[in-house]
Amino acid sequence: MGAVDLSPPADDARTAVEVTVRASYGRLLALLASWCGDLALAEDALADAVERALRTWSADGVPANPEGWLHRVARRRALDALRSSARRTSRPLDDAAAPAAPGADPAAIDPDALPDRRLELLLVCAHPAIDPGVRAPLMLQTVLGLDAARVATAFAVPTATMAQRLVRAKRRIRDARIPFRVPGRDELGRRLPAVLEAVYGAYTVDWARTSGPTVRDSLAVEARDLALLLASLLDDAEATGLAALLCLSSARLGARVVHGVHVPLDEQDTRRWDTRLVEQGEGLLRRAHAHGTRGRFQLEAALQSAHCARARTGRTDRVAVLRLHRALVEVAPTLGARVALAAAAAHVEGPRAGLDLLDPLAGPCRAFQPYWATRGDLLARAGDEAGARAALERAVDLTTDLPSRRYLEGRLASLG
Amino acid sequence: MRYAILLHYPERSPEELGDALAESQAAFQAYARDLTDAGVLVSGEVWQPSSATTTLTAGDGGLRVQDGPFADTRDQLGGQFVVDVPDLDAALAWAEKAPSVWWGPVEVRPSATHVESGTWVPST
């Protein structure tokens, strides 16, 4: 048996299956789920089809259109499951071939080409009726095909807990009959921020729970893939801005921690930045700006771009950076944005100006680590060594990840 | 300041836990390492199930020895970490990283006094 399994035709079939699944998983699942309205059923049917492909393709050869084959078989499996189960569904299930994309002439396109329903799927995952905490995990599992264990690790949640949340969300989508559709322009405008927020959440998860996953376990790359997919499916300034942001930001991942110590942005070795990702991000940012509308993710991407320019020019345009931080606080006045604005202001107008912006935040920032780290830094530059020491010690106490602790302890030691 | 991070959760057998057992052991290992690296850990303990516990009660008939826990509740005290950190915010930052937070409540209790070289000393 083993010898047969290892023979070249079987290997070819296995490779063909793997390549097809890697390239088309999300597309196939989106198409199946939007047809039957049931993500779990679609997942099972697709898994079944993949298993069948592993057996059939090694015997009969790889079909000319592997995606079409998987789609057909999975659809049949889903129909069988629906018929054999006692489950009643009032939803009419069209047994005919999948409809072509609206507006397209059916005769002019490849009959086997499959329409893309991934935008519909992303909108379902971030539907207002779905708990915000499970939106990003749901996207990663359904659109990118990540398994629950991997998602759980990145979110620092036990696998069983994550699996349960995902199952519950999918049941909700089916039972409440959340529609797989792209709404009109106005409603899409209202719904899109939740989609972008979830993708951004998948990216920031490793920075938020820093003592949990390492960069290797994090989903930075997968989140960037989601953002790039979204930007390709939708001609929208903020979606493109988010893709630009994640390209530019993840370009610096390799420079963030060196020898186990956190390196702040301004001190990072630009040779460790990924120039290809920087260029890709810059291109996306130009495309986003061409829309002529402003937004949070475009501003954040523009900030990243201003910092990335140091790799070319050797310096950072502090005035431009400050202007962008001001605009960002206007659009999204989060604590993090306001602390970052104080740090940017200090570079242009001196540490006292930065401290003046920090002072009113003392109450809400009592246990906010970035506030104390920034405060310590600004006090040190203002010459208040005792104050700087107290603030940095406070920052260390609130830091649970080792590279950041080491960095802050280094700062403390340098105060002499 | 010393704080006890008290872990309460429903008790499950290794069979019930399945794959989750190895995963939670790995999570507790990482947690212990993080606490140690940060230099804040005083002690850490995860206990055997409450079925292995014995409770002593003094009454009219003298001392009674009883099988089982003092209080029979759904969530049982399953373990504790004692950390030495400056204040409650820092203790909470660590408590929210406790792996068991996903299964049951995590209680953060400030210490009043503790023993050092045979003498009670204030914990603040």
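Of the 416 residues in chain A, 50% count as buried, where buried means under 20% relative accessible area, exposed over 50% and partly exposed in between, found with a 1.4 Å probe on protein chains only. This is a predicted model, in which local features need pLDDT of at least 70, side-chain atom pairs count only at pLDDT 80 or more, and totals for chains, interfaces and linings use all residues. Residues are numbered from 1 along each chain as its sequence is written, chains are lettered from A and ligands numbered from 1 in the order in which they are written, and side-chain values use heavy atoms, with hydrogens and water left out.

Let's start with chain A as a whole. Its secondary structure comes to 20 helices and two strands; these are DSSP runs, numbered from the N terminus, with helices (H or I) of at least four residues and strands (E) of at least two. Chain A exposes about 19,700 Å², and carbon and sulfur atoms supply 52% of that area (accessible areas come from the Shrake-Rupley method with a 1.4 Å probe; for residues, only the protein chains shown count as cover). Among contacts in chain A with a separation of 6 or more, 64% are between residues 24 or more positions apart; contact means heavy atoms within 4.5 Å.

Now meet two residues of this chain.

What joins the side chains of Arg118(A) and Asp116(A)? A polar contact of 2.8 Å does, that is, a pair of N or O atoms within 3.5 Å; within protein, one must be able to donate a hydrogen and the other to accept it, and residues adjacent in sequence count only if both atoms are side-chain atoms. Leaving aside neighbours within four places in sequence, Arg118(A) touches Gly26(A), Arg27(A), Ala30(A), Leu229(A) and Leu233(A). As for Leu79(A), its C-alpha atom is separated by 16 Å from that of Val50(A), 29 residues apart along the chain.
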